[in-house]
Amino acid sequence: MKTRLSAAGATLLALLVTVLAFGQPAHAAAGFSVADGKLYDANGAEFIMRGVNHAHTWYPQQTSSFADVKALGANTVRVVLSSGDRWTRNTNADVANVISLCKANRLICVLEVHDTTGYGEQSGAITLDRAVDYWLSLADVLAGQERYVIVNIGNEPYGNQNYASWATDNANAIKRLRAGGLTHTIMVDAPNWGQDWSFTMRDNAASVFAADPARNTVFSIHMYGVFDTAAEISDYLGRFRAAGLPIVVGEFGFNHSDGNPDEDAILAYSQANGIGWLGWSWSGNGGGVEYLDLATNFNPASLTDWGQRLFNGVNGIRQTAREASVFGGTPPPTTPPPTTPPPTTPPPTTPPPIGGCTATYTVTNQWQGGFQGEVRVTAGARAITGWTAGWTFANGQRVTQSWNVALTSSGTTVAARNTDYNGRLAAGASVSFGFLGSWTGTNSLPAVSCTAS
């Protein structure tokens, strides 16, 4: 359950240290692994979560939910469990059954302990160390399931108070899990009820990742009212991408008591940048947030407006989810083909000047009246410290949202400048930014200029 967050007053710290500083991540022998900020399944295929959260611990009788969310296109389900400290313990046999239900329905299973929620602020919440005790008690159930199960140590492990030990506590928890024999990919939730308005996870993620001997940890941000603008969403996720650290949106909604998250920007940015997400939640919400139900009374034939948006809307589950290759299928390309194929971007007619840059413009998805675009900026023969790309639309198109860029429009003319974290490029290196736009009639590709500094 989420609570209203207080305003953030934290100052921005230095950019996260890149994963490369720690060397090549070690791949799990028989399961998921992390490399270069991405998640790979046991076959070595990139895996991008597209799924939902399911409150199993409070509704253990709703076992048909696994088949229901799969039938709607999901490739992952995050399952709420209890260690027995705040709610009835999910036994070893029950957890084994959950895993078997996930596997039978060709779903990747993210298992999380909910009893940690709001520790330091909410009465009864348990420590991450106590959550580790629960995971180690499940060692016999988890063993051999590394291809299908990701272990989320504890849900929203700190509230808005007493969260200074987040990095140390998570590092110690990961070390205990590894020492106890767990080789699964581990997922770590942010503090501040999962929303990290203090940037504690953002600014300490690199050190927590380095504490994992297997280099097989994924970070999870929960996006509710703190993330009510596209700029906040792209900045937060973009910093993890720039640092080469794996990030997923472990929970998010279309509305909340603490504000109105920008779900369209979450979905668009995640799709454009290969970031996984899990919507909250399938059904059974209470305490005033019943509107977060995706299905009414666990009925897949009665999706709410939120459910229709998440499963059937633009950049939603049906359009973007790809089943994990460990289930035997051959997954199609990560980006689904647009309904109207975009024209091919011609190569530059002249090579980039020494120390300069080039930019290429691509329509990555298109639907009636709207489209998603990407511009890739590439440095020339020398490193650059900043860049500006620009173009003029020929058919009256308009940019409505953007990410990983400072973008301004004047009529049909667009100017796009680097942010503070993606302006420096080594010789020949590239960076991409994305946007959503509108069009009518024709959506031809403009010529794009690029100027380096």
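Helices (H or I, at least four residues) and strands (E, at least two) are DSSP runs, numbered from the N terminus. The structure shown is a predicted model, in which local features need pLDDT of at least 70 and side-chain atom pairs count only at pLDDT 80 or more, while totals for chains, interfaces and linings use all residues. Residues are numbered from 1 along each chain as its sequence is written, and side-chain values use heavy atoms, with hydrogens and water left out.

**View 1. The whole protein.** The secondary structure comes to 10 helices and 18 strands. Buried residues make up 56% of the 453 residues; buried means under 20% relative accessible area, exposed over 50%, and partly exposed in between (1.4 Å probe, protein chains only). Contact means heavy atoms within 4.5 Å. Among contacts between residues at least 6 apart in sequence, 75% join residues at least 24 apart.

**View 2. The loop that holds Ser281.** Ser281 is placed in the loop between strand S10 (276-279) and helix H9 (305-312). The peptide bond joining Trp280 and Ser281 is cis, with omega at about -20 degrees.

**View 3. Helix H2 and its buried face.** Helix H2 covers residues 92-104, 13 residues in total, and reaches 18 Å from its first C-alpha to its last, close to the 18 Å expected at 1.5 Å a residue. The expected span is 1.5 Å times one less than the number of residues. Asp94, Val95, Val98, Ile99, Leu101 and Cys102 are the buried residues in H2. Seen down the axis of H2, these buried residues fall within an arc of 160 degrees, so they line one face of the helix; the arc is that of the directions from the helix axis to the C-beta atoms. An α-helix has 3.6 residues a turn, so residues three or four places apart point the same way. On the other side of H2, Ala93 and Ala104 are exposed. The cover over the buried residues of H2 includes helix H1 (65-71), strand S4 (76-81), strand S5 (108-113), helix H3 (128-137), helix H4 (139-142) and strand S6 (149-152). Just after H2, Arg106 has a positive phi of about 55 degrees.

View 4. Helix H6 (residues 200-211) has 12 residues and spans 16 Å from its first C-alpha to its last, close to the 16 Å expected at 1.5 Å a residue. Of these 12 residues, 9 are buried, so H6 is largely enclosed by the rest of the structure. The buried residues are Thr200, Met201, Arg202, Asp203, Ala205, Ala206, Val208, Phe209 and Ala211. They pack against strand S1 (33-35), helix H5 (166-179), strand S7 (186-189), strand S8 (217-223), helix H7 (230-243) and strand S9 (247-252). Phe199, in the loop between S7 and H6, has a positive phi of about 65 degrees although it is not a glycine. The charged end of Arg202 sits over the ring of Phe199, 4.0 Å from its centre. A charge sits over a ring if NZ of Lys or CZ of Arg is within 6 Å of the ring centre and within 35 degrees of the ring normal.

**View 5. The largest nonpolar core.** A nonpolar core is a set of buried Ala, Val, Leu, Ile, Met, Phe, Trp, Tyr and Cys residues joined through side-chain atoms within 4.5 Å. In the largest one, of 101 residues, Leu111, Trp135, Ile153, Phe219, Ile221, Leu237 and Trp282 touch the most other members. Helix H7 supplies the largest share of this core, 6 residues. Apart from it lies another core, of 25 residues, among them Cys357, Trp391, Leu407 and Val414. Ile221 is placed in strand S8 and counts as buried at 0% relative accessibility. The C-alpha atoms of Ile221 and Val188, 33 residues apart along the chain, are separated by 8.7 Å.

**View 6. Aromatic pairs around Tyr361.** Rings of Phe, Tyr and Trp (its six-membered ring) pair if their centres lie within 6.5 Å; planes under 30 degrees apart count as stacked, over 60 as edge-to-face and the rest as tilted. By this rule the count is 23 aromatic pairs. The rings of Tyr361 and Phe393 have their centres 6.4 Å apart and their planes at 80 degrees, so the pair is edge-to-face. Tyr361 is buried, with a relative accessible area of 1%, and Phe393 is buried at 4%. Ring pairs link Tyr361, Phe371, Trp387, Trp391, Phe393, Phe433 and Phe435 into a cluster.
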